[in-house]
Amino acid sequence: MTVVLLTSITVGLQPLFLSNMTTPALLPLSGRRIPTLSPGASSFPHHRATLRLSEKFILLLILSAFITLCFGAFFFLPDNSKHKRFDLGLEDVLIPHIDSPKEGKHASGQVVIHGQGGHDENRHREEEESLRDKIRADHERALQEAKEKLRKSREELQAEIQTEKTKVVEDLKKKDPGPKPLPPPPEPDVKEKRDKIREMMKHAWDSYRQYGWGHNELKPIAKKGHSTNIFGNSQLGASIVDALDTLFIMGLQDEFKDGQEWIEQNLDFSANAEVSVFEVNIRFIGGLLAAYYLSGQEVFKMKAVALAEKLIPAFNTPTGIPWAMVNLKTGVGRNWGWASAGSSILAEFGTLHMEFVHLTYLTGNPVYYQKVMHIRKLLAKMDRPNGLYPNYLNPRTGRWGQHHTSVGGLGDSFYEYLLKAWLMSDKTDVEARKAYDDAIEAIERHLIRKSNGGLTFIGEWKNGHLERKMGHLACFAGGMLALGADGSPDDKAGHYLQLGTGEGPLILKLGPEAFKFDSGLEAVAVRQNEKYYILRPEVIETYWYMWRFTHDPKYRQWGWEAAQAIDRFCRVSGGFSGVKDVYSSNPTYDDVQQSFFLAETLKYLYLLFSNDDLLPLETWVFNTEAHPLPVLHLGNITLPGSEPSQR
């Protein structure tokens with residue numbers, strides 16, 4: 001029915017478009033010459049006073065025809081001027097007029113008027129012919145569609161109608177998506193959970209203060225001081241320095257002041273002690289710099305610079321790649337005996353950049369910056385098997401050691417510092433960002449896999465083969481991938497954020513030191529020396545980053561479960577201890593309260609249940625020991641390898 005009506009209307013319009021008639025010249029009666037008659041004399045020889053009936057009828061018929069003709073001419077026949085005006089209007093409606101670049105003027109400056117001149121008349125005829133062709137085509141198409149509709153069955157027509165309805169509904173949804181879902185309501189017990197974490201920190205600190213004050217760490221079962229070979233035989237108060245910024249962030253001001261007084265009076269780096277360059281840098285220099293930036297106390301900056309001077313001799317190697325250890329008094333360096341043929345370790349010499357750049361920024365001494373930039377330039381020139389960085393590099397020869405690549409121990413924080421060097425530079429250190437992106441691309445290609453159970457894990461590359469094992473240290477990678485998602489090449493931000501979430505794979509709850517995804521095993525530790533948990537923070541670190549980026553409540557839920565597990569299984573009267581077997585319902589303690597438990601684990605838990613404006617990621621970048629260092633807005637100062645900020 002609709003097709004027929006449209007066809008009738010279309011056909012009915014054709015005479016109107018094609019009409020080109022002109023109005024005939026009709027004169028009024030007063031303009032005609034009629035001979036006058038004398039009232040008294042006859043003008044004809046046989047004059048009659050009246051007309052016959054037949055003559056009257058003929059005269060009336062002629063008069064009626066004349067009136068009808070006049071009426072039709074007046075109301076129905078357009079004159080030439082009216083036709084021209086209508087034609088001009090039709091052109092303006094159906095054929096849009098496009099002004100010339102000079103507002104419709106010729107070079108002479110005269111305005112061009114549509115519908116005038118012979119050229120325009122020819123153009124009008126062409127346009128009318130085009131319109132006629134279009135009308136005919138529309139007519140034929142409408143008839144053809146009608147015929148096709150008639151050939152279809154009732155079921156087919158109903159299916160088409162339903163399809164059209166569905167399409168209309170989908171279009172409406174696209175235009176009006178409706179109200180956005182409301183954000184989840186705030187958790188009513190967030191403050192209580194945060195206060196609980198604060199209480200755990202106070203218990204750990206008070207226990208150390210009572211039983212291990214001045215020692216590097218605490219033995220909470222034996223209730224005495226503890227130290228390891230990474231600090232040599234010196235008592236440097238590692239737990240004090242590592243915990244300072246956590247105390248400050250949690251508002252434990254009395255405890256913070258106690259730590260500050262000990263550092264002012266007792267922290268001395270002149271001892272004849274061989275220390276780990278890497279560990280002392282991230283815990284001591286990172287901790288002291290963070291305490292300085294948060295509190296403004298100059299003593300922390302002075303101590304950080306004094307310690308950095310003690311580390312500089314470690315760079316005195318043929319390649320400039322630093323030794324793993326250095327004697328604070330003599331400056332003599334060496335590497336770990338177990339490292340591949342006397343090699344330095346990627347995660348150690350590659351995790352100095354953040355702290356050393358800040359030292360140059362605070363002191364104006366370029367030597368710190370030059371040392372770490374030399375390492376970067378050396379690595380950039382070296383070939384990398386499959387695009388991967390091996391974990392070992394010989395500082396004498398400048399050659400790779402064993403071809404072993406991991407994102408866990410021995411490699412982890414190297415990749416972290418590539419990304420954070422870019423973030424800390426206010427995103428101007430494009431060399432660091434490029435190196436990070438290239439490394440992550442190779443890692444995703446060769447190391448990231450899915451288990452048979454659908455879990456995503458990061459394996460280790462050894463001599464051309466993938467070992468399907470992941471260490472607890474590698475669990476930080478979920479947070480790193482999410483942190484680096486913004487700025488990823490080829491619009492991969494969403495991909496890396498999703499990869500960081502892992503939906504449970506990259507982020508496990510509290511678990512063993514290492515776990516396998518092989519021979520039917522799903523994240524299970526096999527060896528006894530892989531089943532321990534030593535209060536590590538990496539899982540919780542990722543929970544915090546993912547909470548900041550997604551505000552998905554599951555990350556707070558998982559973090560709270562981790563906090564409860566630590567408080568239940570690791571808490572003792574003298575502090576917190578690691579456990580030797582996470583699969584045991586009654587685990588044995590290792591009797592060590594690690595300094596990083598106060599610096600990282602409890603800090604990340606506290607931040608997880610705090611507002612985003614506490615140490616916002618736009619302003620602060622956390623070193624690998626969770627010490628926050630501010631983003632450096634260098635303004636007009638451009639360091640080598642950087643670009644001026646575009647902000």
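Select E467 to begin: E467 is partly exposed, because its relative accessible area is 23%, where partly exposed lies between buried (under 20% relative accessible area) and exposed (over 50%), with a 1.4 Å probe and protein chains only. A salt bridge here is a side-chain nitrogen of Lys or Arg within 4 Å of a carboxyl oxygen of Asp or Glu. K469 counts as buried because its relative accessibility is 14%.

The model is predicted, so local features need pLDDT of at least 70 and side-chain atom pairs count only at pLDDT 80 or more, while totals for chains, interfaces and linings use all residues. Residues are numbered from 1 along each chain as its sequence is written, and side-chain values use heavy atoms, with hydrogens and water left out.

**The whole chain**

The chain contains 20 helices and 18 strands; helices (H or I, at least four residues) and strands (E, at least two) are DSSP runs, numbered from the N terminus. Of the 647 residues, 46% count as buried. The accessible surface of the chain is about 34400 Å², and 56% of this surface belongs to carbon and sulfur atoms; accessible areas come from the Shrake-Rupley method with a 1.4 Å probe, and for residues only the protein chains shown count as cover. Among the contacts with a separation of 6 or more, 67% are made by residues 24 or more positions apart. Contact means heavy atoms within 4.5 Å.

**Further salt bridges**

How many salt bridges does a search of the whole structure find? The search finds 28. Select D189 and K193 for one of them: the closest N and O atoms of this salt bridge are 3.5 Å apart. D189 counts as partly exposed because its relative accessibility is 31%, whereas K193 is buried, with a relative accessible area of 11%.

Next, select R283 and E217, whose side chains form a salt bridge of 3.6 Å, N to O. R283 lies in helix α9 (residues 277-295) and E217 in strand β1 (residues 217-219), so the pair ties together parts that are 66 residues apart in sequence. Both R283 and E217 are buried.

To see a network of salt bridges, select K196, E199, D567 and R571, which are linked in this way.

**A sheet and the helix packed on it**

Strands of a sheet pair through backbone hydrogen bonds, either parallel or antiparallel. Select strands β3, β4 and β5, which form an open sheet of three strands in the order β3-β4-β5, with antiparallel pairing. The edge strands are β3 (274-276) and β5 (333-334), each pairing on one side only. Here two strands pair if DSSP finds at least two bridges between them. Strand β4 (residues 325-327) pairs with β5 in the antiparallel sense over two bridges. Within this pairing, M325 stands opposite R334 in β5. Now show helix α9 again: α9 packs on the sheet, touching β3 and β4, and its direction makes about 65 degrees with that of β3. For this angle, axes are lines fitted to C-alpha atoms, for helices over the stretch in contact, and angles run from 0 to 180 degrees between N-to-C directions.

**A buried threonine**

Move to T246, in helix α7 (residues 238-249). Which residues does T246 touch, not counting residues up to four places away in sequence? They are M201, L598, A599 and K603. T246 counts as buried because its relative accessibility is 1%.

**Two residues with positive phi**

Most residues other than glycine have a negative phi. Select D591, which has a positive phi of about 60 degrees although it is not a glycine. D591 is placed in the loop between β16 (575-576) and α20 (595-608), and D591 counts as buried because its relative accessibility is 12%. Then select A626, likewise not a glycine, with a positive phi of about 70 degrees. The loop between β17 (620-622) and β18 (628-630) holds A626, which counts as buried because its relative accessibility is 0%.

**A nonpolar surface patch**

Finally, select F57, I58, L61 and I62: together they form a nonpolar patch on the surface, with about 440 Å² of accessible area. Patches are made of residues with over 30% relative accessible area and no salt bridge; like charges are joined within 9 Å, and nonpolar side chains (Val, Leu, Ile, Met, Phe, Trp, Tyr) within 5 Å. L61 is found in helix α2 (residues 53-75). Is L61 buried or exposed? L61 counts as exposed because its relative accessibility is 52%.
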